[in-house]
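I wanted to look things up one at a time and write each one down.

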Amino acid sequence: MFVSDCISVNENGHLTLGGYDTVSLAREFGTPLYAYDEEQIRKNARAYKKSIDENYGGNGLVLYASKAFCCKEMCRICNDEGLGLDVVSGGELYTALSAGFPAEKIYFHGNNKTAAEISEALDAGVGRIIADNITELEMLNSTAGKKGRTANILLRIKPGIDAHTHDFIRTGQIDSKFGFALETGEAMQAVKLALSYPNISLAGLHCHIGSQIFELSPFELAAKVMIEFYAEIKKETGAELDELDLGGGFGIKYLDSDEPVAYPEYMKSVAAAVKENCAALGVKVPFILIEPGRSIVGSAGLTLYTVGSVKTIPGVRTYVSVDGGMGDNPRYILYQSPYEIVCAGKANEKKDLIATIAGKCCESGDLIQENAPVQKVQPGDTLAVLSTGAYNYSMASNYNRIPRPAAVMVRDGSARLIIKRETYENLIENDI
């Protein structure tokens, strides 16, 4: 009925998340509100871990991509479930370490790490730093040498794969700000340079072809291309690399029409491609890493709003205005992300209104969805936007000096606060 298994309707006709009445959630914690089902998050994490263990014989690790949703509680859950962490900034690294996450299971990404971030990562003893460019390689070697350390790294490679997704979230093709290109010889140059540096240990390679992908073939092709490059490296340098990070990008359901590939099916298919190409080319099967983020938290979360006004422009459209908007969900204005909209208190009723869901910011483009089917609503109703567990909190801002929402985690019939709602005092605490 809904885009996520953890969402249902109770006997009062109210939308529920993990069995918890979302109208009650909104009343108890206020709106806007990010809400997550902890059991669904853990279920998704376990599905990935089980699948990678089965398909690679325990020779692999799932890295949760922190950029999807990062807070201390999320880091604790990942640690509980035996996952590693993919971080892309000093702030995400600091959050993970503050939550007690083991540094050796943290992989530090980013296309333009600052000198301070590289120093922080080396001091923390992160498991791997994923180097993106020659400048970074030189900085890594120099900084590690000054600290008397060895920087354990992966190199980010552009495999040249078209992931058939939105242009803004395609990252594997040659025209990308990320990584070293195979086509130009840049990738092999980076490998040779990394192998030559005294303070760098090259453990393997990384690739990531995009996000919200519903097909198996791009992942299979990326695995084939990367294993072929491993064989080329072995032939040209004699080095046989130990690790291969195949990135993430696994799609989720935003609308009922979306058909994401099941995790086990993906893992089985790509593992077969890895093993087949390793055997054909005479290279060992590397330790495999994957980086699901959105697909672990996306469908496990929703956002709750309170309707402020309903404005109908005859023959044009109906605006339903809510107490949030682009500050807590910028994804629609960035790349027209689709969502399922539900009036939480009328979830068992027919969606007989076509409405544009508008935010409260002073921007005409501050919209969450256009021409979306929803139940007839009135001021004061609770509106739920589904599958907002990934990237909404992460990309939130204080535009118009609006405080960012709170976040709660639902589990076993109870809800607990995991991120406090910002206050006006928070907004000015760094002002001078």
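**Entry: confidence**

I noted that this is a predicted model. I looked up the average pLDDT and found 94, with 97% of the residues scoring at least 70. I then checked residues 166-170, where the pLDDT is below 50. This stretch still has 12 contacts in the model beyond near neighbours in sequence.

**Entry: strand S4**

Which strands does S4 pair with? I found 4 bridges to strand S14 (residues 301-313), and the two run antiparallel. I found 5 bridges to strand S20 (residues 406-411), and this pairing is parallel. I followed Tyr 34 both ways. It stands opposite Thr 303 in S14, and its bridge partner in S20 is Ala 407.

**Entry: aromatic pairs**

I looked up the aromatic pairs and found 9 in the structure. One of them joins Tyr 34 and Tyr 393. I read 6.0 Å centre to centre and 85 degrees between the planes, an edge-to-face pair. Tyr 34 is in S4 and Tyr 393 is in the loop between S19 and S20, so I noted a link across 359 residues.

Tyr 34 has 0% relative accessibility, so it counts as buried. Tyr 393 is partly exposed at 23%.

Next I took Tyr 36 and Phe 69. Their ring centres are 4.3 Å apart and their planes are at 20 degrees, so this pair is stacked. Tyr 36 lies in S4 and Phe 69 in the loop between strand S5 (60-65) and helix H3 (72-80), so the pair ties together parts 33 residues apart in sequence. Both residues are buried.

I also wrote down one aromatic cluster: Tyr 48, Phe 219, Phe 250, Tyr 263 and Tyr 266. Then I noted a charge over a ring: Lys 275 lies over the face of Tyr 56, at 5.9 Å from the ring centre.

Most residues other than glycine have a negative phi, and most peptide bonds are trans. I looked for exceptions. A cis peptide bond joins Thr 31 and Pro 32, with omega about -10 degrees. Pro 32 is in the loop between helix H1 (22-29) and S4.

Arg 401 is not a glycine, yet its phi is positive, about 55 degrees. I placed it in the loop between strand S19 (382-386) and S20, and it is partly exposed at 44%. Asp 412 also has a positive phi, about 50 degrees. It sits in the loop between S20 and strand S21 (414-419), exposed at 70%.

**Entry: Lys 113**

What does the side chain of Lys 113 reach? I found the backbone oxygen of Gly 110 at 2.8 Å. A polar contact of 2.7 Å joins the side chains of Lys 113 and Glu 136. Lys 113 is in the loop between strand S7 (106-108) and helix H5 (115-124), and it is buried at 6%. Beyond its neighbours within four places in sequence, I listed contacts including Phe 108, Ile 118 and Ile 130.

Technical notes: Residues numbered from 1 in each chain as written. Predicted model: local features only at pLDDT ≥ 70, side-chain atom pairs only at ≥ 80, totals over all residues. Heavy atoms only, no water. Pairing = 2+ DSSP bridges. pLDDT = per-residue confidence, 0-100. Contact = heavy atoms within 4.5 Å. Buried < 20%, exposed > 50% of the residue type's maximum accessible area, 1.4 Å probe, protein only. Polar contact = N/O pair within 3.5 Å; in protein donor to acceptor, adjacent residues only side chain to side chain. Phe/Tyr/Trp six-rings, centres within 6.5 Å; stacked < 30°, edge-to-face > 60°. Lys NZ or Arg CZ within 6 Å of the ring centre and 35° of its normal.
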